[in-house]
Amino acid sequence: MREVFVPKSSTELWDMWGSYPNAQVYAGGTDFLVQLRNRKRDASVIICMERLEAFKGVQQQQNMIRIGACTTLSHVLKEPVIRKHIPVLATAIRRLGSPLIRNMATIGGNICTASPAGDTLPPLYILDAVLEICSEQGIRHIALKDFIHGPGQTALMKNEILSCINVKIPQEYQIHHFEKVGKRKAMTCSVASLAGLLKLDHKGVIKGVRLAWGAVGPRVLMSEKVERSLKGMQLSAESLENAVQQGTEIFSPIDDIRASADYRRKIAGNLMRRLVRHVQPDAGYQIRPDTRIRQPENI
Ligand SMILES: Cc1cc2nc3c(=O)[nH]c(=O)nc-3n(C[C@H](O)[C@H](O)[C@H](O)COP(=O)(O)OP(=O)(O)OC[C@H]3O[C@@H](n4cnc5c(N)ncnc54)[C@H](O)[C@@H]3O)c2cc1C
């Protein structure tokens, strides 16, 4: 017999956790319930967070965007503020699962699952997302890059939840890019993914760059060395090739049912080589030096 509680406020949540300290929480259940069904997880008492309105919604406060952790991915995607200011996240969400999955799955669940293939993670890494962690005792903040320790491992302590994701609007970057390679075009986990933010001057010289790869290591990978090697260079096949050569040492993928480690390593490099193609005008980006955001329309 399993008991399920559905609190409607954080007070109710803390009360329930007080009565059942070993209860496990879930939000959309698209990872949690699958693991329960496959007997990869055991829980006699579970708390469903889908009615906690306090942890839902997207708000812009000056140059910060706050995303409630229990907001579904469909909801995040519909928000004009997300599409306008952080299209790199919108594109990643569009590529995650299917509309049915996105209607249930939450952004907080994607983060707390801490899968190396979690599609919202590379964009949130390059956006330097800061997480708000909530417990009955209060609130603490932690950078996303410090929150995820490894596959399925986070800095969450007992009876804490992720309540909110804070992202500063990246004013300085014109190009937001996300590409994912999976076994199929849709409804598939990433074999490798790349999220990027780029600032180019009117001659195509890279003035700023942030890159993060998913699914090619135990956590999302970023490389200061790669970013340094690109800064000040013309965005070209040559400069990207040089950066790929500098960067491959950071990739430490695994062999699994989706792909071999070698294949993932190759894809991770190719995703970067392909940046030059994606930043061409016919890729759907609006290339104007004074345009703050460019977004591919065809994904
Ligand atoms: C068919 C299918 C396709 C999928 N495709 C993709 C894909 O393409 N890309 C991808 O990245 N993922 C994919 N997923 C995985 C999944 O949908 C996502 O990871 C999703 O975002 C999880 O969110 P959720 O709300 O359902 O999490 P849940 O299943 O509710 O929870 C997942 C974990 O996070 C914890 N948790 C959830 N919310 C919180 C919180 N606020 N605070 C503390 N802990 C919390 C739970 O305890 C649990 O351990 C897929 C899943 C399915 C079933």
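1. Start at V130, which sits across from A143 of β7. Keep in mind that this is a predicted model. The strands involved are β6 (residues 130-135) and β7 (residues 138-143), an antiparallel pair joined by 6 bridges. They make a hairpin, with 2 residues between them.

2. The largest nonpolar core counts 79 residues, and I165 and A192 have the most contacts inside it. Strand β12 (residues 190-200) contributes the largest share of this core, 7 residues. As a general reminder, nonpolar side chains in soluble globular proteins tend to be buried together.

3. A192 deserves a click. Leaving out residues up to four places away in sequence, A192 touches V181, W213, G214, A215, V216, R264, I267, A268 and L271.

4. Why call β12 largely enclosed by the rest of the structure? Because 10 of the 11 residues of β12 are buried. A residue needs 20 or more other C-beta atoms within 10 Å of its own to count as buried.

5. β12 has strand partners to look at as well. With strand β11 (residues 175-182), β12 pairs in the antiparallel sense over 8 bridges, and K180 stands opposite S193 of β12. Strand β13 (residues 206-214) also runs antiparallel to β12, again with 8 bridges; there, G196 has L211 of β13 as its bridge partner. The hairpin of β12 and β13 has 5 residues between the strands, and in this hairpin G204 takes a positive phi near 85 degrees.

6. Helix α5 (residues 87-94) is the helical counterpart to check. 7 of its 8 residues are buried, so α5 is largely enclosed by the rest of the structure. The buried ones are P87, V88, L89, A90, T91, A92 and I93. Their cover includes α3 (73-78), α4 (80-85), α6, α8 (121-126), β11 and β12.

7. Two backbone angles to flag. Most residues other than glycine have a negative phi. R39, though not a glycine, has a positive phi of about 60 degrees; R39 is in the loop between α2 and β3 (45-48). R39 counts as exposed because it has 7 C-beta neighbours inside 10 Å.

8. N159 is the other one: not a glycine, yet with a positive phi of about 60 degrees. Its place is the loop between β9 (153-154) and β10. Is N159 exposed, partly exposed or buried? With 16 other C-beta atoms within 10 Å, N159 is partly exposed.

9. Last, the overall layout. The domain assignment gives domain 1 (3-48), domain 2 (54-168) and domain 3 (175-283). Between the C-alpha centres of domain 1 and domain 3 there are 37 Å.

How values were computed. Residues are numbered from 1 along each chain as its sequence is written. This is a predicted model: local features need pLDDT of at least 70, side-chain atom pairs count only at pLDDT 80 or more; totals for chains, interfaces and linings use all residues. Two strands pair if DSSP finds at least two bridges between them. Helices (H or I, at least four residues) and strands (E, at least two) are DSSP runs, numbered from the N terminus. Domain bounds come from an automatic or database domain assignment. A nonpolar core is a set of buried Ala, Val, Leu, Ile, Met, Phe, Trp, Tyr and Cys residues joined through C-beta atoms within 7 Å. A residue is buried if 20 or more other C-beta atoms lie within 10 Å of its own, exposed if 12 or fewer, and partly exposed in between; C-beta atoms are placed from the backbone. Two residues are in contact if their C-beta atoms, placed from the backbone, lie within 7 Å.
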